[in-house]
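Here is a short briefing on one protein chain. Keep the sequence and the 3D view side by side as you read.

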Amino acid sequence: MRILDIRFQNLNSLTGEWQIDFTHPDYASGGIFAITGPTGSGKTTILDAISLALYGRTPRLDKVTKTVNEIMSRQAGVCFAEVTFETQKGRYRCHWSQHRARRKPDGELQPAKHEIIDVQTNKPLESKLTAVASAVEKVTGMDFDRFTRSMLLAQGGFAAFLSATPDKRAPILEQ
């Protein structure tokens with residue numbers, strides 16, 4: 001799986017709309033890069049956006065529901081996360097969004113929307129909130145747990161990964 005582009009709006013402390021194009025030569029030419037910055041600058045929010053777009057949840061936040069959304073920025077009426085990625089099976093775009101009534105900060109939370117689209121045909125593969133994560137698993141070969149262990153290694157997870165037995169690390173690395 002290769003992440004090509006991330007777009008998100010009003011997630012955690014990063015208000016407004018943000019985009020990171022990983023096909024830009026600054027990222028693509030070196031092959032590897034680091035996301036750095038002081039505490040609270042939004043590094044983990046970028047990882048949250050990827051996870052939210054793909055699976056509708058994050059390692060820090062198990063679920064976003066119609067009654068609870070701890071990831072939407074305060075004083076915001078709308079938030080979204082979108083990731084474009086490619087696998088051996090093709091190129092896909094996952095989009096997750098939620099808004100408040102009338103898109104006002106004090107409005108009641110509305111149900112989240114989640115979909116995965118085949119970029120080549122621009123047709124949705126799945127748009128049922130509870131089924132998108134399964135569709136992502138089909139095209140990537142990774143469920144949420146495997147994705148977070150192999151791709152994100154959230155804070156503290158890297159040490160656990162390094163201390164895992166070779167039998168536990170091997171499947172993650174092979175995937």
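Arg102 sits in the loop that links strand 4 to strand 5. This is a predicted model. The points below start with the loops, then move to the sheet, the helices and the core.

**Loop residues with positive phi**

- Arg102 has a phi near 60 degrees, which is a positive value in a residue other than glycine.
- The relative accessibility of Arg102 is 62%, over the 50% cut-off, so Arg102 counts as exposed.
- Asn122 belongs to the loop between strand 5 and strand 6.
- Asn122 also has a positive phi, near 60 degrees, and is a residue other than glycine.
- With 54% relative accessibility, Asn122 counts as exposed.

- Six strands form an open sheet in the order 2-1-3-4-5-6, and the pairing is antiparallel.
- Strand 2 (14-21) and strand 6 (123-126) are at the edges. Each has a single partner strand, so one side of each has no neighbour in the sheet.
- On average, neighbouring strands of this sheet are turned by 20 degrees against each other, direction ignored.
- Strand 5 (residues 113-118) and strand 6 run antiparallel and are joined by three bridges.
- Across from Ile117 stands Pro124, in strand 6.
- In a regular strand, side chains alternate between the two faces of the sheet.

**Helices on the sheet**

- Helix 2 packs on the sheet and touches strand 1 (2-11), strand 2, strand 3, strand 4 (90-99) and strand 5.
- The direction of helix 2 makes about 105 degrees with that of strand 1.
- Helix 3 (residues 132-140) packs on the sheet too, touching strand 3, strand 4, strand 5 and strand 6.
- The direction of helix 3 makes about 30 degrees with that of strand 5.

- Six bridges hold strand 1 and strand 2 together as an antiparallel pair.
- Leu11 has Leu14, in strand 2, as its bridge partner.
- Two residues lie between the strands of this hairpin, and Asn12 takes a positive phi near 50 degrees.
- Thr15 is part of strand 2. Its relative accessible area is 48%, so Thr15 is partly exposed.
- Which residues does Thr15 touch, not counting those up to four places away in sequence? They are Asn10 and Ser73.
- Thr15 and Ser73 are 58 residues apart in sequence, yet their C-alpha atoms are 6.3 Å apart in space.

**Helix 2 in detail**

- Helix 2 covers residues 43-55, which makes 13 residues.
- From first C-alpha to last, helix 2 reaches 19 Å, close to the 18 Å expected at 1.5 Å a residue.
- Is helix 2 largely enclosed or largely open? Ten of its 13 residues are buried, so helix 2 is largely enclosed by the rest of the structure.
- Its buried residues include Thr45, Asp48 and Ser51, along with Ile46, Ile50 and Leu52.
- Gly56 follows helix 2 and has a positive phi, near 75 degrees.

**The nonpolar core**

- In soluble globular proteins, nonpolar side chains tend to be buried together.
- The largest nonpolar core here has 36 residues.
- Ile6, Phe8, Leu11, Leu54, Phe85 and Ile116 have the most contacts inside this core.
- At least two core residues come from each of strand 1, strand 2, helix 2, strand 3, strand 4, helix 3 and helix 4 (144-152).
- Helix 2 gives the most to this core, with seven residues.
- Leu54 is one of the buried residues of helix 2. Among the residues it touches are Met1, Phe85, Cys94, His114, Val136 and Phe147.

- Asn69 is placed in the loop between helix 2 and strand 3 (78-87).
- Is Asn69 buried or exposed? Its relative accessibility is 10%, below the 20% cut-off, so Asn69 counts as buried.
- The side chains of Asn69 and Gln98 are joined by a polar contact of 2.5 Å.
- A polar atom of the Asn69 side chain also lies 2.8 Å from the backbone nitrogen of Met72.
- Not counting residues up to four places away in sequence, Asn69 touches Val64, Cys79, Trp96, Gln98 and Leu109.

Methods. Residues are numbered from 1 along each chain as its sequence is written. This is a predicted model: local features need pLDDT of at least 70, side-chain atom pairs count only at pLDDT 80 or more; totals for chains, interfaces and linings use all residues. Side-chain values use heavy atoms; hydrogens and water are left out. Helices (H or I, at least four residues) and strands (E, at least two) are DSSP runs, numbered from the N terminus. The expected span of a helix is 1.5 Å times one less than its number of residues. Buried means under 20% relative accessible area, exposed over 50%, partly exposed in between (1.4 Å probe, protein chains only). A polar contact is a pair of N or O atoms within 3.5 Å; within protein, one must be able to donate a hydrogen and the other to accept it, and residues adjacent in sequence count only if both atoms are side-chain atoms. Contact means heavy atoms within 4.5 Å. Two strands pair if DSSP finds at least two bridges between them. Axes are lines fitted to C-alpha atoms, for helices over the stretch in contact, and angles run from 0 to 180 degrees between N-to-C directions. A nonpolar core is a set of buried Ala, Val, Leu, Ile, Met, Phe, Trp, Tyr and Cys residues joined through side-chain atoms within 4.5 Å.
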